[in-house]
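Here is a short briefing to read alongside the structure.

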Amino acid sequence: MDLTYSKENWPLFLRRLGAYCIDNFLIYFASLIVFLILSFFITFSESTITTSSFMMFLVYYVFMYKKYGYTLGKKWLKIKVVNLDNSAMSYKTIFYRLFSSAVSMLILALGYVLILFNKEGFALHDKISKTKVVNI
């Protein structure tokens, strides 16, 4: 992969960042509402809240990617995720993408910053999962 800075990828980078922020806000807000309502009936431990929030995150992304190829944030910003041959992702590919997306965030989000340094606009998790983000 050629790591030459490409200013043409800024719009894609910003749309992907925006979609990421929208999706995580939606998941956080939905989790907050669910736990607030359930807290009237059940007492939650911190580990239960953390585990449940992670499961909501996982279910949201797997369901949306498998059914539509995009999350709500990606839909609103008119992008979607497909395999390199433009086909829909399998469950295996979705899990690779989600796991490698977490890896992309680990070190100052450098896996995402790679979008700006290759002409294809791939992030680290795109390369690992053999997927790409396309306009819709």
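**Pockets and helix packing**

Asn24, Ile27, Tyr28, Ser31, Leu32, Phe35, Ile49, Ser53, Phe54 and Phe57 line the second largest pocket. Please keep in mind that this is a predicted model.

- H1 is the main contributor to the second largest pocket, giving six residues to its lining.
- Sorted by class, the lining of the second largest pocket has seven nonpolar and three polar residues, and no charged residues.

**The largest pocket**

- The volume of the largest pocket is about 240 Å³.
- Its lining is made up of 15 residues, and Tyr20, Tyr61, Tyr65, Ser101 and Tyr112 are the ones nearest the centre of the largest pocket.
- Helix H1 (10-38), helix H2 (46-67) and helix H4 (91-106) are the elements that give two or more residues to this lining.
- H4 provides the largest share of the lining of the largest pocket, with five residues.
- By class, the lining of the largest pocket has eight nonpolar, three polar and four charged residues.

**How H1 packs on H2**

- The axes of H1 and H2 lie 10 Å apart, and the two helices pack at an angle of about 130 degrees.
- At that angle, H1 and H2 are therefore oblique to each other.
- The crossing of H1 past H2 is right-handed.
- On the H1 side, the residues in contact are Asp23, Asn24, Leu26, Ile27, Ala30, Ser31, Val34 and Phe35. Their partners in H2 are Ile49, Ser52, Ser53, Met56, Phe57, Tyr60 and Tyr61.
- The contact of H1 with H2 has ten nonpolar, four polar and one charged residues.
- Asn24, Ile27, Ser31 and Phe35 of H1 are among the residues in this contact, and they are also among those lining the second largest pocket.
- From H2, Ile49, Ser53 and Phe57 are likewise among the contact residues and among the lining residues of the second largest pocket.

**How H2 packs on H4**

- The axes of H2 and H4 come within 10 Å and cross at roughly 135 degrees.
- That angle makes H2 oblique to H4.
- H2 passes H4 in a right-handed crossing.
- Leu58, Tyr61, Val62, Tyr65 and Lys66 of H2 are in contact with Tyr91, Ile94, Phe95, Arg97 and Leu98 of H4.
- The contact of H2 with H4 has eight nonpolar residues, no polar ones and two charged ones.
- Tyr61 and Tyr65 are among the H2 residues in this contact, and both are among the residues nearest the centre of the largest pocket.
- Tyr61 is also one of the H2 residues that meet H1.

**The chain as a whole**

- Which pattern does the protein chain follow when read along the sequence? The order is α-α-α-β-α-α-α-β.
- The C-alpha trace of the protein chain spans about 55 × 30 × 25 Å along its principal axes.

Terms used: Residues are numbered from 1 along each chain as its sequence is written. This is a predicted model: local features need pLDDT of at least 70, side-chain atom pairs count only at pLDDT 80 or more; totals for chains, interfaces and linings use all residues. Side-chain values use heavy atoms; hydrogens and water are left out. On a 1 Å grid over the protein atoms alone, a cavity is a set of points where a 1.4 Å probe fits but cannot get out, and a pocket is an open set with protein on both sides within 12 Å along at least five of seven lines; lining residues have an atom within 4 Å of a point. Grid points are joined across faces, edges and corners, and a volume is the space filled by probe spheres set on the points. Helices (H or I, at least four residues) and strands (E, at least two) are DSSP runs, numbered from the N terminus. Ala, Val, Leu, Ile, Met, Phe, Trp, Tyr, Cys and Pro count as nonpolar, Asp, Glu, Lys and Arg as charged, and the others, Gly among them, as polar. Axes are lines fitted to C-alpha atoms, for helices over the stretch in contact, and angles run from 0 to 180 degrees between N-to-C directions. Angles under 35 degrees count as roughly parallel, over 145 as roughly antiparallel, 65 to 115 as roughly perpendicular and the rest as oblique. A crossing is left-handed if the near helix is turned anticlockwise from the far one by less than a right angle, and right-handed if clockwise. Contact means heavy atoms within 4.5 Å.
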